[in-house]
Amino acid sequence: MYTYETGIPMIDREYGGLRAASNVLLLAPPLSYAELLAYRIASPRSGEWAVGISTDERASDAVDAFRRFGAGRGRVGIIDAVTKSSVPTLRDTARAKFVTSPLDLTSMGIKFSRMVEDMWKEGVMADPPGPMPPPIRLCLHSVSTLLMYAQLEVTYRFLHVITNRVKKLEGIGIYILNSESFDERTVATIKQLMSTVIEVRAEDGGGTVPREFRILGVHGRTTPWIRYFYDDGTLTFDE
């Protein structure tokens, strides 16, 4: 089975990355740079593709975040639920699709499926051909915003569809949720859809303050806490 490198040295070295068909909940407090950790994991390697569902930032910013971690041109597609509310004349392109708001979950799901189908077609027709099925990574930034617009039950149904789609594609999905904004029932409900959880903890302070994360359910194991730092646009990890 295909495995996905995470870009986190210790995880790739000691655990062999993430298995195909994994859905990962990134559970993190504010000011922990969790979105950068998510983009790092979701950025495609050679022969792979990535889709970002962005409810928190414009498509151009999401693409820049992927490229910061080495994503190749043309290998990233964004579904933008932010920009069209202020620029209603925007039209979809092959790699950028727009929905009116984070409340428009139906359109978001449809456009995700269409984008993935287009990527699969390109992967199958590639010369030389890449891995089969074409490996696809998803980053949803963020579940927290979806929950602010829609009830838990509605958000759960949407994520149920998306996570099942990721499984069938043999891809991986990364879903960001603010650990301090929702009650235990909400967090537990979202966790039900996931095969793996990344827990982040952070102290208050500036960008150079270390944060830590651990992964629960990576190949049936729990990792030790791994320190990471964000400073001057760079994300680094303790070895």
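Student: Is Thr-234 buried, partly exposed or exposed, and why?
Tutor: Thr-234 counts as partly exposed because its relative accessible area is 41%, where buried means under 20%, exposed over 50% and partly exposed in between, with a 1.4 Å probe and protein chains only. This is a predicted model, in which local features need pLDDT of at least 70 and side-chain atom pairs count only at pLDDT 80 or more, while totals for chains, interfaces and linings use all residues. Residues are numbered from 1 along each chain as its sequence is written, and side-chain values use heavy atoms, leaving out hydrogens and water.

Student: Which strand is Thr-234 in?
Tutor: Thr-234 belongs to strand β13, residues 234-237; strands (E, at least two residues) and helices (H or I, at least four) are DSSP runs numbered from the N terminus.

Student: New topic: which residues touch the most other members of the largest nonpolar core?
Tutor: They are Leu-26, Phe-66, Ile-198, Val-200 and Phe-213, out of 42 residues; such a core is a set of buried Ala, Val, Leu, Ile, Met, Phe, Trp, Tyr and Cys residues joined through side-chain atoms within 4.5 Å. Helix α2 (residues 34-42) gives this core its largest share, seven residues.

Student: And what is Leu-26 in contact with, leaving aside neighbours within four places in sequence?
Tutor: Its partners include Ala-34, Leu-37, Ala-38, Ile-198 and Val-200, with contact meaning heavy atoms within 4.5 Å.

Student: How far is Ala-38 from Thr-234?
Tutor: Their C-alpha atoms are separated by 14 Å, although Thr-234 and Ala-38 are 196 residues apart along the chain.

Student: What about Tyr-149, where is that?
Tutor: Tyr-149 sits in helix α5, residues 143-149, and it counts as partly exposed because its relative accessibility is 47%.
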